[in-house]
Amino acid sequence: MTSRPPVPPPRSPNPLRNRRRADAAATVVLSLAVLVLAFYAFVLAALFQMATVNCRDDCSLGAVNAATVFAWTGIVVALVTAGIGIARSHRRGGWMFVWPIAAAVLIVATWMIGVVVVETAVS
């Protein structure tokens with residue numbers, strides 16, 4: 001008689017593995033969305049200068065330039081911070097998807113502050 005080796009018990013799905021896959025997928029999708037947002041914010045911040053077309057002598061061109069640089073700096077800081085945050089979270093096993101969301105909030109906030117500065121400089 002030949003005996004068969006014992007059949008191992010069925011493995012249950014690992015919830016931690018599924019969580020990591022979902023986190024990685026969400027991080028990739030949100031990172032691509034943030035890159036698109038950063039591109040459009042960069043282009044629209046470059047158009048801040050067009051607000052001075054119909055200006056009289058009382059426009060503050062220095063404030064408009066500062067608003068443009070502020071918006072661009074916010075975009076760069078947000079992207080660099082998100083990249084570093086994703087890398088550190090991946091190494092430590094934490095949630096990675098929160099970093100692109102934080103970057104998107106920072107990009108929108110700095111762009112909106114730039115819009116307010118341009119609005120007050122031109123009016």
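Val122 is partly exposed, because its relative accessible area is 23% and that class runs between buried, under 20%, and exposed, over 50% (1.4 Å probe, protein chains only). Val122 lies in helix 3, where helices are DSSP runs of H or I with at least four residues, numbered from the N terminus. Before you go on, please note that this is a predicted model, in which local features need pLDDT of at least 70, side-chain atom pairs count only at pLDDT 80 or more, and totals for chains, interfaces and linings use all residues. Residues are numbered from 1 along each chain as its sequence is written, and side-chain values use heavy atoms, with hydrogens and water left out.

From Val122, look across to Ala63: the two are 59 residues apart along the chain, yet 8.9 Å separates their C-alpha atoms. You will find Asn54 in the loop between helix 1 (15-46) and helix 2 (61-92). With a relative accessible area of 68%, Asn54 is exposed.

Now move into helix 2, which holds Gly62. Gly62 has 48% relative accessibility and therefore counts as partly exposed. Its C-alpha is 9.9 Å from that of Val118, which is 56 residues away in sequence. Ala66 also sits in helix 2, and at 44% relative accessibility Ala66 is partly exposed. Between Ala66 and Gly93, 27 residues apart in sequence, the C-alpha distance is 39 Å.

How do helix 2 and helix 3 run relative to each other, parallel or antiparallel? Their axes come within 8 Å and cross at roughly 175 degrees, helix 3 being residues 98-122. (Axes are lines fitted to C-alpha atoms, for helices over the stretch in contact, and angles run from 0 to 180 degrees between N-to-C directions.) The two helices are therefore roughly antiparallel, a label for angles over 145 degrees. Their contact is made of 22 nonpolar residues, six polar ones and no charged ones, with Ala, Val, Leu, Ile, Met, Phe, Trp, Tyr, Cys and Pro counted as nonpolar, Asp, Glu, Lys and Arg as charged, and the others, Gly among them, as polar.

Finally, turn to Leu44 in helix 1. Leu44 counts as partly exposed, at 40% relative accessibility.

Technical notes
Parallel < 35°, antiparallel > 145°, perpendicular 65-115°, else oblique.
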